[in-house]
Each structure stands twice: as C-alpha cells, then as structure tokens.
Amino acid sequence: MPPYRTIPSNEEPLISNKNNIDINNSSDNFGYSLGVFIDEFVTEGLIDIKTIAKKIPITLIHSETPLRRLDEPIFEESHLIANKQIFPVQIWWMKGSQGRRYMKEQVIEVPNYYPDARYRIGMRVNSLKVPYLVIEEIGSSICVEYKLSNLLEN
C-alpha cells in the first residue's frame with residue numbers, strides 16, 4: 001500500500017451514515033458517478049490530447065459500484081504528466097449514471113513533482129460516503145488525497 005497524505009478539510013463530512021448503510025453488503029451501491037476533467041495534465045495512455053482539449057469527462061467511479069469496493073482508490077488507466085506542480089482540477093459528479101452533471105474546482109499539488117514524473121489520478125469513497133481525489137506519483141508511489149467534503153450536497 002503506498003503512503004498516503006490526506007489534505008485536511010475544515011468542512012464537515014458531506015453525508016452521514018444516517019441510513020445505516022451496510023458497506024459490506026454488495027447490493028449497497030454508491031449511487032453517484034464521479035470523475036474529473038484533466039486539462040493541466042498530458043496523458044500517455046488511452047486518452048489523447050484532443051480528448052483533453054475538448055474537456056471530455058473522465059469517469060473514475062460509477063454509480064453502481066458497491067460501497068465496499070470504494071475504500072481503496074480506483075485509478076484512471078492512463079498515466080499522466082503534469083504541466084506544473086499546483087493547478088486546479090475540475091471534479092464532476094452526478095446522481096446515478098445519467099442526468100445533470102455538477103462541477104467543483106479543486107486546487108491540487110501533485111506529489112514529488114518533476115518535469116517527467118508520471119502520475120495516476122483516482123478516487124475513493126469512505127464509509128460515510130465522503131469522496132477523496134487521489135494523485136499518485138508512479139516512480140515513488142507517493143500519494144496525496146484531497147478530501148472532497150460537501151461535494152454531493154447538490
């Protein structure tokens with residue numbers, strides 16, 4: 001397991017477990033689709049520069065994913081190269097797999113930055129349904145997490 005550093009948030013968790021959701025029951029799905037637009041990254045894999053320039057959303061978590069599978073990060077398959085160390089990333093989410101897409105900007109700092117560093121971008125969700133954006137520098141396996149409190153309130 002790579003070392004993680006969670007970026008603190010001054011906000012309360014976005015959704016409490018007031019419905020007593022059993023996260024070990026595979027029939028309890030997350031219910032939200034989450035992803036990013038990664039216009040400050042250059043990709044090396046399945047996504048080309050034209051896709052990023054058009055700001056096509058990249059889905060990292062699908063709404064039908066069971067909660068019990070989201071405690072570990074789900075990463076995009078492509079490796080990414082950051083154009084700079086600190087920049088905003090557009091996070092998007094929607095209830096279910098269709099409908100209105102909401103967006104929020106999150107300023108991130110990639111870990112262990114250098115010009116040719118390769119990164120993976122992903123997300124995870126804790127048992128209280130709080131999502132986290134996860135960035136991993138592949139060479140060192142150093143990860144940072146950004147807690148996305150209050151993201152799903154819309």
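Predicted model: local features only at pLDDT ≥ 70, side-chain atom pairs only at ≥ 80, totals over all residues.
## Confidence across the model

Mean pLDDT for the protein comes to 76, and 69% of the residues score at least 70. Among the elements, strand β10 (residues 131–137) has the highest mean pLDDT, at 95, while strand β1 (residues 4–7) has the lowest, at 41.

Two stretches are worth a look here. Over residues 1–26, pLDDT stays under 50, and the model has 53 contacts beyond four places in sequence for them. Residues 46–52 also keep a pLDDT under 50, and for these the model has 13 contacts beyond four places in sequence.

Next stop is Met-123, which you will find in strand β9 (residues 119–125). Is Met-123 buried or exposed? Its relative accessibility is 0%, so Met-123 counts as buried. Ile-61 is 62 residues away from Met-123 in sequence, yet their C-alpha atoms are 7.0 Å apart in space.

## Two loop residues with positive phi

Asn-112 sits in the loop between β8 (102–109) and β9. Although Asn-112 is not a glycine, its phi is positive, at about 50°. With a relative accessibility of 37%, Asn-112 counts as partly exposed, because that class covers values between 20% and 50%.

Ser-141 is not a glycine either, and its phi is positive at about 60°. The relative accessible area of Ser-141 is 29%, so this serine is partly exposed.

How values were computed: Residues numbered from 1 in each chain as written. Heavy atoms only, no water. pLDDT = per-residue confidence, 0-100. Helix = DSSP H or I, 4+ residues; strand = E, 2+ residues; numbered from the N terminus. Contact = heavy atoms within 4.5 Å. Buried < 20%, exposed > 50% of the residue type's maximum accessible area, 1.4 Å probe, protein only.
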